[in-house]
Amino acid sequence: MTGKISSVFWSTLVISLMMVVWGSISPGSLESISASAQTFISNKFGWYYLILVTLLVIFCVFIIFTPYGKIKLGKPDEKPEFTTLSWFAMLFSAGMGIGLVFWGAAEPIYHYAVNAPTAETGTPAAVKESMQYVYFHWGVHAWAIYAIVALVLAYFKFRHDKPGLISATLYPIFGDRVNGLLGKVIDTLAVFATIVGVATTLGFGAVQINGGLSYLTGVPNNFTSQLIIIAVVTVLFMISAWTGISKGIKYLSNANIGLAGFLFLAMFILGPTIYILNMFTDTIGSYLTNILAMSFRIAPLNPENREWINNWTIFYWAWWISWSPFVGIFIARVSRGRSIREFLVGVLLVPSIVGFLWFSTFGVSAINLQQNGTADIASLATEEALFGTFQNYPFGVVLSIIAITLIGTFFVTSADSATFVLGMQTTYGSLNPGTSVKLTWGITQSAMAAVLLYSGGLQALQNVLILAAMPFSVIMILMTVSFYKAITKEKHLVAKSPKPKKDKKRDQKVSEDPSPAKS
């Protein structure tokens with residue numbers, strides 16, 4: 001049945017279109033109801049998100065240091081399909097692209113000058129705490145969420161030839177029931193979570209492109225402009241989707257790395273370089289020292305701090321969980337042939353370290369302007385913080401133009417990758433879903449992004465995302481249990497090495513000659 005449209009396609013499409021219609025007809029109602037539900041989940045299940053994500057990190061580390069890490073995500077003699085550089089480029093572009101650019105300067109400056117996690121805003125302690133929590137939100141915890149989904153999918157798909165579906169990974173737990181209604185419900189939840197997660201990111205991208213154009217040229221910063229941006233980029237990523245993963249996504253991902261690398265180096269050189277290096281070194285130490293406390297921090301006795309955790313940490317964990325079906329499936333698709341240990345080390349550490357360097361460079365550059373009184377970056381809208389930072393350093397206009405271009409290419413890559421993943425999940429796990437299916441999902445996720453912006457802007461994006469993440473988080477737990485149950489059956493990989501052949505021959509001679517001298 002691979003390649004044919006499944007019932008999951010139709011059920012998820014109907015649910016998505018119902019939400020689009022709801023948001024179009026009654027945007028206030030959608031915003032109000034989603035906000036209430038988001039508040040309920042954040043207040044009642046914040047502890048759950050914190051414990052879950054931390055356990056996923058622990059599980060990944062455990063697998064790395066066990067003999068199971070030697071297992072190939074594929075057949076024993078398979079080689080990786082993509083070079084290491086292209087692999088890093090694709091997983092990084094799909095996983096964090098727009099978010100890094102959107103929040104690169106905005107989140108550190110917010111934590112420092114507007115609302116610090118615990119320290120007094122505007123103080124040296126707030127600077128350190130700001131960077132420490134940025135690393136926490138964008139580092140190993142985030143990538144562990146992606147890694148688990150990708151690992152489980154790649155293991156079952158490429159080692160056991162299961163369909164590339166979320167439901168197929170749960171066979172060790174539910175057996176043949178994953179081929180029936182239960183499996184369809186699981187896959188529908190995964191596809192819907194993917195649509196919402198990607199729509200949220202596309203909404204962020206449209207808002208920041210609009211913010212950059214408004215800051216530089218005076219283009220109106222409103223929903224109409226954002227809708228035009230979404231429409232233009234939709235056409236671009238649908239063209240890319242038409243070319244397939246080996247061409248469009250690969251080339252765009254490599255272009256993203258080139259543009260991002262240039263922007264990073266330019267800001268690193270033009271910005272306060274020594275201050276960046278000193279802060280990076282100092283705050284990495286704070287991050288590693290306090291990572292356990294941050295992982296479980298829920299602040300039950302301090303309502304103000306609890307609200308901060310809900311608005312930032314819980315939101316991020318929900319965002320990564322919501323994105324994990326998309327990013328996980330995509331990373332699994334491009335990781336065939338790598339060992340589990342190589343896969344986990346690469347996915348957990350490389351993007352995290354790059355993210356730390358990115359936030360140190362752009363965040364510290366923005367904070368430096370605020371500290372010195374050169375510019376009030378904190379007073380700018382979130383989407384304008386990066387461009388406001390650029391304007392106070394040499395070649396600011398050039399850097400802003402490059403940043404807008406980078407956001408656009410990240411936008412196209414994320415949406416392009418998502419159409420492939422959604423197509424795969426709704427055509428019985430096909431690794432080459434039909435173009436019409438991919439284009440349908442491309443239009444749907446763009447429509448979802450537009451209607452969420454229309455109904456409540458950035459806050460509406462965050463609200464719906466947290467709602468979509470909750471049911472899929474339960475599926476993630478089941479996937480982890482299923483994977484461990486399956487992998488422990490590969491006993492030959494952890495068994496003790498057999499005795500050398502010469503010992504066996506010697507033993508055979510002993511048994512044939514019972515004389516005392518050889519017994």
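**Close-up views of a predicted model**

**View 1. Salt bridge between Arg333 and Glu81.** Glu81 has a relative accessible area of 43% and is therefore partly exposed. In this predicted model, the side chain of Glu81 forms a salt bridge with that of Arg333, at 2.9 Å from N to O. Because Arg333 belongs to helix α12 and Glu81 to the loop between α2 and α3, the pair ties together parts that are 252 residues apart in sequence. Arg333 is buried, its relative accessible area being 11%.

**View 2. Salt bridge between Arg336 and Glu78.** The two side chains meet with an N to O distance of 2.7 Å. Arg336 sits in the loop between α12 (303–333) and α13 (340–372), and Glu78 in the loop between α2 and α3 (84–103), so parts 258 residues apart in sequence are tied together. Glu78 counts as buried, at 17% relative accessibility, whereas Arg336 is partly exposed at 27%.

**View 3. Salt bridge between Asp282 and Lys128.** Here the closest N and O atoms are 3.3 Å apart. The pair ties together parts that are 154 residues apart in sequence, because Asp282 lies in helix α11 (residues 273–295) and Lys128 in helix α5 (residues 124–138). Asp282 is partly exposed, with 36% relative accessibility; Lys128 is also partly exposed, with 34%. The count of salt bridges in the model comes to five.

**View 4. A nonpolar surface patch.** Trp47, Ile51, Leu55, Ile58, Leu292 and Phe296 make up this patch of about 630 Å². Helix α2 (residues 27–64) supplies the largest share, four residues. Ile51 lies in helix α2 and counts as partly exposed, at 37% relative accessibility.

Definitions and conventions. Residues numbered from 1 in each chain as written. Predicted model: local features only at pLDDT ≥ 70, side-chain atom pairs only at ≥ 80, totals over all residues. Heavy atoms only, no water. Patch = residues over 30% accessible without salt bridge, like charges linked within 9 Å, V, L, I, M, F, W, Y side chains within 5 Å. Areas by Shrake-Rupley, 256 points an atom, 1.4 Å probe, with all protein chains shown as cover. Salt bridge = Lys/Arg side-chain N within 4 Å of Asp/Glu carboxyl O. Helix = DSSP H or I, 4+ residues; strand = E, 2+ residues; numbered from the N terminus. Buried < 20%, exposed > 50% of the residue type's maximum accessible area, 1.4 Å probe, protein only.
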